[in-house]
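Here are my notes on this one, jotted down as numbered points. Have the model open while you read.

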Amino acid sequence: MPFTANRDYKEAPRVVASASGMYYRDQQGREILDGTAGLWCVPLGHSHPTIVRAVQQAVATLDYAPAFQMGHPDAFELAEQLIAFSGHQFGQVFYTNSGSEAVDTAMKMVLAYHRVRGEAQRTRFIGRERGYHGVGFGGMSVGGLPANRKHFGNLLGGVDYLPHTHNLEKNAFSRGLPEYGTHLADELERIVALHDASTIAAVIVEPLSGSAGVILPPKGYLKRLRELCDKHGILLIFDEVITGFGRMATPFAADFFDVRPDLMTTAKGLTNGVVPMGAVFSRSIIYDTLMQSPAGIEFFHGYTYSGHPLACAAGLASLQVFKEEKVLEHAQSMTAYWEDALHSLKGLPHVIDLRNVGLIGAIELESIPGKPGARAMAAYKQAFAEGVLVRTTGDIIALSPPLILEKQHIDLLFGKLHQILKNLA
Ligand SMILES: Cc1ncc(COP(=O)(O)O)c(C=O)c1O
């Protein structure tokens with residue numbers, strides 16, 4: 001089982017059998033409030049009828065279409081609409097089947113771009129400690145979570161890392177973005193001085209680190225990174241696999257932070273999690289440069305299922321729901337209530353930090369000495385038993401509900417967590 005403690009799981013399996021709206025149901029029909037939008041990937045709630053219908057219709061119309069040297073209408077239509085959803089900040093999209101593939105695709109795109117424009121020596125990537133960019137060898141290499149790396153050899157060479165921005169001493173219990181740590185972006189200058197800018201292809205960061213347990217960028221940090229990348233001719237990739245599609249009540253985190261990356265990797269909410277799909281958004285300069293390569297295939301890369309008709313149908317239907325149901329506006333209207341509810345947990349035993357932005361929350365617990373992760377895992381299991389799905393990373397409980405939630409769901413979620421944390425050993 002993926003990212004699962006298999007032996008522990010088998011002692012008391014957790015199984016969900018159906019889902020609709022804000023809730024999962026188990027095999028006995030017991031409701032479980034989805035506090036995590038699946039794995040951050042169901043912003044519009046489960047089994048949305050518009051998306052269900054669109055996928056049903058798609059599978060009966062065009063079950064599969066090769067994407068090499070040919071196309072189908074929905075793939076192009078979705079690309080147009082995605083570019084529009086980004087406010088025309090990007091020129092092209094390239095389809096993958098997952099966030100991991102989107103990251104590896106973006107990295108390959110960057111290398112090909114530099115090569116075609118005559119800077120083939122720009123091969124180095126700069127990631128960030130505690131970053132998560134999926135499980136491909138590219139993504140693992142630029143990622144900074146030790147457990148994801150240590151079993152898997154030397155990974156890609158030529159990677160360096162910015163420091164992470166987590167600092168409880170300075171920033172604990174911040175509401176919204178933390179004040180301290182903007183200067184950590186300047187570490188890029190040190191890295192550039194060490195390697196020389198002419199060897200660096202791109203910086204890749206999550207606008208906020210989700211999988212590491214919701215680590216927020218200090219105010220101004222991402223703008224500073226952008227400035228430094230521009231100064232040194234380095235491309236900036238935002239990995240928006242979890243932040244894309246409304247998590248911050250804006251289309252992308254790039255909009256929330258008002259920082260435009262050169263490439264953006266997305267997946268998850270792109271199809272509301274209904275059919276696997278990822279997409280790399282790129283600025284036209286990248287596409288236009290690749291089009292200057294000799295005649296023939298300009299970018300030797302792609303997947304059998306790139307632009308799969310079912311995924312495109314799910315993507316188009318999801319964008320329709322975002323628009324018709326004013327989902328971003330609704331998400332925005334919930335953020336203040338969400339923040340207050342989260343911060344009402346302050347003072348409960350073992351709670352050493354609460355942090356939030358958009359419809360994201362994190363509760364950091366003090367670890368049991370010698371047993372990192374055990375306390376949050378106990379809370380996770382108890383929450384599931386009591387009908388609430390949360391997620392844990394180490395001793396951090398991460399929350400990222402569907403964006404369609406109402407105040408009553410926020411009350412239920414934090415009411416349960418309050419009880420559980422009050423009595424947690
Ligand atoms: C920022 C980020 N990048 C990449 C990925 C990998 O996506 P996938 O699991 O679809 O391969 C994730 C998954 O959580 C993610 O959070």
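1. Between the two domains, 32 residues of domain 1 are in contact with 31 residues of domain 2; contact here means C-beta atoms, placed from the backbone, within 7 Å. On the domain 1 side, α14 (327-343) gives the largest share, 7 residues. At least two residues each come from α2 (37-40), α14, β11 (351-357), β12 (360-365) and β15 (396-399). By class, that side has 17 nonpolar, 10 polar and 5 charged residues. For the classes, Ala, Val, Leu, Ile, Met, Phe, Trp, Tyr, Cys and Pro count as nonpolar, Asp, Glu, Lys and Arg as charged, and the others, Gly among them, as polar.

2. Before going on, keep in mind that this is a predicted model: local features need pLDDT of at least 70, side-chain atom pairs count only at pLDDT 80 or more, and totals for chains, interfaces and linings use all residues. Numbering starts from 1 along each chain as its sequence is written.

3. As for the bounds, domain 1 is 6-47 + 326-422 and domain 2 is 51-324, from an automatic or database domain assignment. Their centres, taken over C-alpha atoms, are 26 Å apart.

4. Overall, the protein has 16 helices and 15 strands, counted as DSSP runs numbered from the N terminus (helices H or I, at least four residues; strands E, at least two). The radius of gyration is 21 Å, close to the 22 Å of the globule rule for 425 residues, so the protein is as compact as a globular protein of that length. That radius is taken over C-alpha atoms, and the rule is 2.2 Å times the number of residues to the power 0.38. Along its principal axes the C-alpha trace spans about 65 × 55 × 40 Å.

5. Of the 425 residues, 49% count as buried; the cut-off is 20 or more other C-beta atoms, placed from the backbone, within 10 Å of the residue's own. Among contacts with a separation of 6 or more, 73% are between residues 24 or more positions apart.

6. Where does the largest nonpolar core lie? The core has 122 residues, and Ala202, Val203, Leu225, Leu263, Ala279 and Ala314 touch the most other members. Helix α13 (residues 309-324) gives the most to this core, with 10 residues. Beyond its neighbours up to four places away in sequence, Leu225 touches Ala185, Leu188, Val203, Val205 and Leu236.

7. Phe238 sits in strand β8 (residues 235-239) and is buried, with 29 other C-beta atoms within 10 Å. Leaving out residues up to four places away in sequence, Phe238 touches Val205, Pro207, Ala253, Ala254, Pro261 and Met264.

8. Ser211, in the loop between β7 (200-205) and α10 (221-232), also counts as buried, with 23 C-beta neighbours inside 10 Å. Apart from neighbours within four places in sequence, Ser211 is in contact with Tyr132 and Thr393.

9. Around the ligand there are 14 residues, of which Ser98, Gly99, Ser100, Gly134 and Val241 come nearest; a residue is near if its C-beta atom, placed from the backbone, lies within 6 Å. Helix α5 (residues 99-116) gives the largest share of this shell, 3 residues. The shell divides into 5 nonpolar, 7 polar and 2 charged residues.

Note on methods
A residue is buried if 20 or more other C-beta atoms lie within 10 Å of its own, exposed if 12 or fewer, and partly exposed in between; C-beta atoms are placed from the backbone. A nonpolar core is a set of buried Ala, Val, Leu, Ile, Met, Phe, Trp, Tyr and Cys residues joined through C-beta atoms within 7 Å.
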